[in-house]
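I set out to look up the annotated active-site residues and their surroundings, and then the nonpolar cores. My entries follow in the order of the look-ups.

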Amino acid sequence: MFTEVLVALAIGGLIYFLLQRSRSQVLKAEDGWWGTGTPPDGEEDITIRPFTVTTSDEELEDLYKRIDQTRPVASLEDSQFHYGFNSQYLEKVVSYWRNDFDWRRQVDKLNQYPHFKTRIDGIDVHYLHVKPKKVPEGTTAIPLIMVHGWPGSFYEFYGLIPLLTEPSDPNDLVFEVVCPSIPGYGFSSAPQKKGFNSVCAASIFHKLMKRLGFQQFYAHGGDWGWLVTTNMAQLEPKTVKGLHVNFAPASKPGLPMILSIMLGRRFPKLFGFTDMDIQGIFPCMQKLVVESIKETGYMHIQATKPDTVGRGLNDSPVGLAAYILEKFSTWTSRDFRNLEDGGLTRKFSLDDLLTNVMIYWVSGCIVPSMRFYKENVGRGLNAPHTKIPVHVPTGFACFPNELIHTPKLWVKQKYSQLVTFSPMARGGHFAAMEEPQLMAEDIQKFTKAVEKKKTQ
């Protein structure tokens, strides 16, 4: 009996030690200089400068000239979107872009929110800073940073921002929103040195939020934005009050995940699996392996030799549009591969899709945006942040057409304080742009739950 008690105490002590060690792990980032050459003598200019998106006749004339000189390619018969962007439908998209799309009007739309730039670690960081017009008496606006991914941009959040800063329900929280462009994306300048990964971006965004006067804030992200905001929570867990994500692929498959893959279809209740989980991950070979191989060819290219294909995309607006818009088709719904038009306008307007493409075109950011894969994926999957759990309160919006389905059990392996897990009614990878109302509602639900806990 005495021996059994000692063994039990020893095991319990070991578990406690491991848990405490896990909790004490904090991601570390070193200050870097990502501009050209060496850092300048003296302190860096920390001025915050207003920024306005502009265009010109010369810019549009160059675009139209390049579009007019494109060489059409015939699609295979009955190929739909299975070989990539269908060339016949691409001709229709390009015709609309050339003849009907009004970039000047979209520039005005981009400028409806205040844009700024500020220099951090040698990078000109571009961001939106949208303050609420009205905050209920006795309350304060809740600061929220929202980070995009690839091949998206800050523009993905244009439908979501007003729902958060000007909610129609008087019982809803009011947010003050900051939407930065990841360095190398949109109107943020590109790193000029190797090694700029998600942790570096997270460190820069922490510095940005501090420069704006926020000592604590919430964070939201999808795609790369998921990883950048997750790293922000790992770097400074006391600064990030809450983390909301809609993408959370398992970084380190642990024993619970492996067992759930082996036995979950037969014993779903044992792992808390729902019908949505069963449909999303089984049969495993098809859902987790075959589909991943089908849809990640771009990732291998960008994680190995991004500059090669990037150079062609940087020169050809039609090639750039095909490369980007194909993702807005297939990543919104795999079933769209079976459609001649890729289902593009079932969820988005051509104006919105082409505005996102134009942000890549006019800024010339396609190559540095692709390099982000090289710096994160191409250097191996064993980075320190993959081993460190997140202890910040977390909310996960689980959209049914996301690229990778992540059951609650898997999410909790990384995010120990999972406050909300929301199976969403509809939506895919670009959920903030596709379903802004659903996303706003879930951000509200999560933030209210965290704020309520803090007052108890």
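**Notebook: active-site residues and cores**

I began with Tyr-373, which lies in helix α16, spanning residues 366-376. I note that the model is a predicted one.

I then looked up the accessibility of Tyr-373. Its relative accessible area is 3%; because the cut-off for buried is under 20%, I recorded Tyr-373 as buried.

For contacts of Tyr-373, I left aside neighbours within four places in sequence. The list holds Trp-150, Asp-223, Trp-224, Tyr-298, Met-299, Gln-302, Ala-303 and Gly-378.

The UniProt annotation "active site", from an unreviewed entry, covers Asp-223, Tyr-373 and His-429. Of these residues, I found Asp-223 and His-429 included in the lining of the largest cavity.

Where does His-429 lie? I located His-429 in the loop between β9 (418-423) and α18 (431-434). His-429 is buried, and I noted a relative accessible area of 3%.

Finally, I looked up the nonpolar cores. The largest has 122 residues, and within this core Trp-150 and Phe-205 touch the most other members. Another core, of seven residues, lies apart from it; Met-257, Phe-271, Cys-284 and Trp-410 are among its members.

How values were computed. Residues numbered from 1 in each chain as written. Predicted model: local features only at pLDDT ≥ 70, side-chain atom pairs only at ≥ 80, totals over all residues. Heavy atoms only, no water. UniProt positions renumbered as here; feature names shortened; annotations may be inferred. 1 Å grid on protein atoms, 1.4 Å probe; cavity = no way out; pocket = protein on both sides within 12 Å on 5 of 7 lines; lining within 4 Å. Helix = DSSP H or I, 4+ residues; strand = E, 2+ residues; numbered from the N terminus. Buried < 20%, exposed > 50% of the residue type's maximum accessible area, 1.4 Å probe, protein only. Contact = heavy atoms within 4.5 Å. Core = buried A, V, L, I, M, F, W, Y, C linked by side-chain atoms within 4.5 Å.
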